[in-house]
Amino acid sequence: MRALARQLYDRAVEAADPARAVHQHFADHPPADTVVGGHSYVIAIGKATPAMLGEALRHIPGPVTALGVTHHQNAQEVPGARILTAGHPEPDQAGLDAGREVIALLEKAGPDDRVYALISGGGSALVPVPRSPLTLADKQAVARILLESGLGITQMNLIRQQLSDLKGGGFLRHAAPAPVTALILSDVIGNELGAIASGPTTAPLGSRADARALLSDRGLLDRLPPAVRDLLETPQEPDPQHAAENHLIGSNEISLEAMRRALGDGWTARIVSDRLVGDVTDAADQIVQAAASAGSIGPTALIFGGETTVQLRGTGRGGRNQELALRVALQGDSLPDHWVFLSGGTDGRDGPTDAAGGIVDGGTLARIGASGQDVETLLANNDSYAALKAAGDLLITGATGTNVADVQVLLLPG
């Protein structure tokens with residue numbers, strides 16, 4: 001069943017293939033020719049940049065200038081395009097330089113030109129152009145605070161938008177007056193476009209006052225760099241809104257359905273939730289409770305999708321999928337014999353590690369104990385990576401080139 005769980009994960013990733021999604025979009029919506037003398041500018045930002053950009057360039061008529069920004073581990077050449085890499089999840093100087101190149105290219109576009117934005121998950125960290133007078137160091141400090149905060153992705157992106165020049169519609173401001181068409185691969189549960197890569201081609205999720213109130217409510221405001229607090233307290237100037245033609249071309253729901261369809265005869269497969277969010281401890285409880293409710297109906301696959309959060313209290317390494325898998329293993333006594341559970345990020349990365357997540361079973365805790373380590377101690381230090389490595393239960397896939405949030409499956413033998 002461990003092999004089956006991995007096959008289902010692979011099917012979820014295949015269903016989120018960015019090139020296939022871009023191809024289908026242009027089959028349904030053939031790109032318009034540019035006007036005489038016009039130019040097409042194609043800018044891709046996110047973890048799926050190489051695949052999305054490579055496929056788009058097969059469909060968009062010339063003349064074309066293409067620029068892509070992806071994370072360092074996903075560096076690939078794309079014929080006809082310039083590809084830049086940057087840090088993720090923490091922004092770096094390479095990302096700042098890349099963001100400035102994006103802005104410079106956008107500002108070349110005129111009313112007779114067309115701009116295509118190819119947006120995928122991870123884009124928020126990859127082009128961290130801070131609003132004046134903030135610095136990259138300010139943005140890096142905020143990124144660390146947000147990643148440790150337990151805030152949901154939409155809440156984090158509401159805050160990021162107030163501090164960034166390209167987010168929350170900033171991309172459109174720099175592209176104006178050229179028309180913008182955006183193809184968006186969603187890594188956000190619920191597919192709120194303004195939360196995907198912090199919404200470069202959409203209206204902001206809220207205001208500075210909204211961001212300040214959220215940070216204050218969570219006890220985070222006083223931890224921010226002084227320049228960030230000052231900016232959030234500065235009255236907001238009206239920002240002219242520009243519209244884009246936004247198209248959602250891939251999502252977590254599509255991948256969950258692909259997992260369900262992939263199970264053969266003899267299995268009962270059910271998508272329990274495509275909104276598995278919140279703290280990983282609560283999410284583990286939901287998964288175990290779903291198993292108890294399933295009853296004895298033969299071999300059963302319970303499928304989930306979402307994006308949980310982890311509150312960092314220690315200095316260990318791990319990620320939300322690894323910790324979720326470990327917390328399900330801790331409740332393994334409540335599950336039928338011979339169960340298997342997988343939790344993985346569809347981008348192939350979970351937190352600042354080389355793992356996508358974990359695959360655990362009824363023997364996981366015994367294997368950790370046999371290695372001489374204590375699972376509760378490791379969890380208290382947020383060291384889920386070390387725990388799963390000791391058990392031989394890490395899900396290692398390498399970068400997948402896509403990102404539609406996380407998928408989980410619990411296999412029960414019945």
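## Surface and charge

The chain has an accessible surface of about 16300 Å², and carbon and sulfur atoms account for 48% of it. Accessible areas here come from the Shrake-Rupley method with a 1.4 Å probe, and for residues only the protein chains shown count as cover. This is a predicted model, in which local features need pLDDT of at least 70 and side-chain atom pairs count only at pLDDT 80 or more, while totals for chains, interfaces and linings use all residues. Residues are numbered from 1 along each chain as its sequence is written, and side-chain values use heavy atoms, with hydrogens and water left out.

## Overall build

Secondary structure in the chain amounts to 16 helices and 12 strands. These are DSSP runs numbered from the N terminus, with helices (H or I) of at least four residues and strands (E) of at least two. Along the principal axes, the C-alpha atoms fill a box of roughly 65 × 50 × 35 Å.

How does the radius of gyration compare with that of a compact globule? For 414 residues such a globule would have a value near 22 Å, and the chain agrees because its own value is 22 Å. The radius is taken over C-alpha atoms, and the globule rule is 2.2 Å times the number of residues to the power 0.38.

Of the 414 residues, 55% count as buried. Buried means under 20% relative accessible area, exposed means over 50%, and partly exposed is in between (1.4 Å probe, protein chains only). Contacts (heavy atoms within 4.5 Å) tell us about the fold too: among those between residues at least 6 apart in sequence, 79% join residues at least 24 apart.

## Buried residues in helices

Start with Tyr9, which sits in helix α1 (residues 2–15). Tyr9 counts as buried because its relative accessible area is 1%. Beyond its neighbours within four places in sequence, Tyr9 makes contacts with residues including Leu342, Gly344, Thr397 and Val407. Tyr9 and Ser343 are 334 residues apart in sequence, and their C-alpha atoms are 8.6 Å apart in space.

Helix α2 (residues 18–28) holds His25, a buried residue with a relative accessible area of 7%. Setting aside residues up to four places away in sequence, His25 touches Leu183, His247 and Ile249. Glu55 belongs to helix α3 (residues 49–56) and is buried as well, at 10% relative accessible area. With neighbours within four places in sequence left aside, Glu55 contacts Ala19, Val22 and His23.

## A buried serine in a loop

Where is Ser120 found? Look in the loop between β4 (114–119) and α5 (123–126). Ser120 counts as buried because its relative accessibility is 0%. A polar atom of the Ser120 side chain lies 3.0 Å from the backbone nitrogen of Ala48. Without counting residues up to four places away in sequence, Ser120 touches several residues, among them Gly46, Lys47, Thr49 and Leu185.

Most residues other than glycine have a negative phi, and most peptide bonds are trans. Against that background, the bond from His88 to Pro89 is cis, with omega near 10°. Pro89 lies in the loop between β3 (82–86) and α4 (93–106). The bond from Ser132 to Pro133 is cis, with omega near 10°, and Pro133 is in the loop between α5 and α6 (136–147).

His338 lies in the loop between α13 (320–330) and β9 (340–345), and Ala405 in the loop between β11 (394–395) and β12 (406–412).

Technical notes:
Polar contact = N/O pair within 3.5 Å; in protein donor to acceptor, adjacent residues only side chain to side chain.
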